[in-house]
Amino acid sequence: MEAVGVLGLAVVVLASVFFWVWDYLERMKGQEQAGLLGGESRTLLVIAHPDDEAMFFAPTVLGLARLRHRVFLLCFSAGNYYNQGEIRKKELLQSCDVLGIPPSSVMIIDNRDFPDDPDVQWDTEHVASVLLRHIEVNGINLVVTFDAGGVSGHSNHVALYAAMRTLHSEGKLPKGCSVLTLQSVNMLRKYISLLDLPFSLLHTCDVLFVLTSKEVAQAERAMSCHRSQLLWFRRLYVRFSRYMRINSLHFL
């Protein structure tokens with residue numbers, strides 16, 4: 001019994017140290033990122049499908065809110081793969097409301113040029129053209145989207161990265177407009193939730209957002225708005241995925 005008591009005390013101490021370090025690093029990161037990203041920027045989150053904003057980018061959206069960014073969202077499809085497009089558009093608006101993005105700042109593209117289909121390759125130039133127009137019209141100075149791995153490898157996610165990469169490499173973005181991409185990780189790291197935090201801290205990234213317990217609950221409420229998508233495996237995703245709690249991002 002004594003050994004059990006000592007072990008329990010050791011666990012409590014280690015947990016306390018872990019969360020103290022986490023809190024300290026987050027405060028330091030917050031100070032650094034406020035300078036790196038700038039306060040009160042106009043940020044555009046570019047996603048492929050309704051639910052991407054909650055499944056993958058909730059830590060970024062809520063982290064940017066801490067920095068007083070005004071966040072706009074551009075969704076390139078209605079998520080109509082199973083003929084649920086109209087339902088999913090409503091769910092996206094509800095999720096955005098939970099995350100603090102008003103309906104007036106949300107644009108959903110719903111046409112045949114960008115179908116929700118992993119077997120269809122979206123035209124890079126066409127995607128880039130739509131993106132650039134949206135950036136210019138809204139005076140955007142920071143764009144956030146997927147990286148080359150697309151987090152899940154979905155071809156529609158990768159298409160958004162390819163378009164942003166094209167605009168960036170060809171110098172077509174407005175002056176002062178930066179691009180952040182969400183880092184894809186291997187399967188093990190993807191599903192160990194907050195246990196991935198030490199790996200995230202050790203790996204090089206330009207921006208790191210980690211949610212507080214209150215913000216995690218907010219992210220989960222946003223994901224719960226996507227009722228049509230909450231199959232058993234997505235419920236497990238919400239519970240265990242690092243992307244519901246941690247976002248590591250890199251500048252292009």
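What follows is a chat about the predicted model shown above.

Student: Hi! What are we looking at, and how many helices and strands does the chain have?

Tutor: Hi! This is a predicted model, and its chain has ten helices and seven strands. Buried residues make up 50% of the 252 residues.

Student: And the surface, how much of that belongs to carbon and sulfur atoms?

Tutor: The accessible surface of the chain is about 12,500 Å², and 59% of it belongs to carbon and sulfur atoms.

Student: What share of the contacts with a separation of 6 or more comes from residues 24 or more positions apart?

Tutor: That share is 84%.

Student: Let's go inside. Which residues touch the most other members in the largest nonpolar core?

Tutor: Those are Leu73, Phe76 and Leu131, in a core of 66 residues. Helix H5, residues 124-137, supplies the largest share of this core, with six residues. In general, nonpolar side chains tend to be buried together in soluble globular proteins.

Student: What is Leu73 in contact with, leaving aside neighbours within four places in sequence?

Tutor: Its contacts include Leu44, Leu45, Ile47, Leu92, Ile101, Val106 and Met107. Glu53 and Ser105 are also among the contacts of Leu73.

Student: Which residues are in the other core, the one that lies apart?

Tutor: That core has five residues, among them Leu197, Cys205, Val210 and Ile246. Val210 also belongs to strand E6, residues 207-210.

Student: Which residues sit on each side of E6?

Tutor: Val207 and Phe209 are on one side, Leu208 and Val210 are on the other, and all of them are buried. Both faces of E6 are therefore covered, as buried here means under 20% relative accessible area.

Student: How does E6 pair with strand E7?

Tutor: E6 and E7, the latter spanning residues 246-251, pair in the antiparallel sense over four bridges. Within E7, Leu249 is the bridge partner of Val207.

Student: Switching to rings. How many aromatic pairs are there?

Tutor: There are ten aromatic pairs in the structure. One of them joins Phe57 and Phe146 edge-to-face, at 5.0 Å centre to centre with 70° between the planes.

Student: What does the pair of Phe57 and Phe146 tie together?

Tutor: Phe57 lies in the loop between helix H2 (52-55) and helix H3 (58-66), and Phe146 lies in strand E4 (residues 142-146), so the pair ties together parts that are 89 residues apart in sequence. Phe57 and Phe146 are both buried.

Student: What about Trp232 and Phe233, how are their rings arranged?

Tutor: They also form an edge-to-face pair, at 5.8 Å centre to centre and with 90° between the planes. Trp232 is exposed, with a relative accessible area of 64%, while Phe233 is partly exposed at 39%.

Student: Which residues do ring pairs link into a cluster?

Tutor: The cluster is made of Phe56, Phe57, Phe146, Tyr191, Tyr237 and Tyr243. Arg242 lies over the face of Tyr243, 5.1 Å from the ring centre.

Student: Where is Ser241, and is that residue buried or exposed?

Tutor: Ser241 is in the loop between helix H10 (232-240) and E7. With 0% relative accessibility, Ser241 counts as buried. Its contacts, leaving aside neighbours within four places in sequence, are Lys190, Tyr191 and Ser193.

Student: Another serine, then. Where does Ser178 lie?

Tutor: Ser178 is in strand E5, residues 178-182, and is partly exposed, with a relative accessible area of 31%. Not counting residues up to four places away in sequence, Ser178 touches Asn141, Leu142, Val143 and Phe251.

Student: What about Arg88, buried or exposed?

Tutor: Arg88 counts as buried, at 5% relative accessibility. This arginine is found in helix H4, residues 85-99. Beyond neighbours within four places in sequence, Arg88 is in contact with residues including His49, Asp51, Asp116 and Gln229.

Student: Last one: how many residues of H3 are buried?

Tutor: Seven of its nine residues are buried, so H3 is mostly covered, with buried meaning under 20% relative accessible area. They are Ala58, Pro59, Thr60, Val61, Leu62, Gly63 and Leu64. Arg68, which follows H3, has a positive phi near 65°.

Technical notes: Residues numbered from 1 in each chain as written. Predicted model: local features only at pLDDT ≥ 70, side-chain atom pairs only at ≥ 80, totals over all residues. Heavy atoms only, no water. Buried < 20%, exposed > 50% of the residue type's maximum accessible area, 1.4 Å probe, protein only. Helix = DSSP H or I, 4+ residues; strand = E, 2+ residues; numbered from the N terminus. Pairing = 2+ DSSP bridges. Phe/Tyr/Trp six-rings, centres within 6.5 Å; stacked < 30°, edge-to-face > 60°. Lys NZ or Arg CZ within 6 Å of the ring centre and 35° of its normal. Core = buried A, V, L, I, M, F, W, Y, C linked by side-chain atoms within 4.5 Å. Contact = heavy atoms within 4.5 Å. Areas by Shrake-Rupley, 256 points an atom, 1.4 Å probe, with all protein chains shown as cover.
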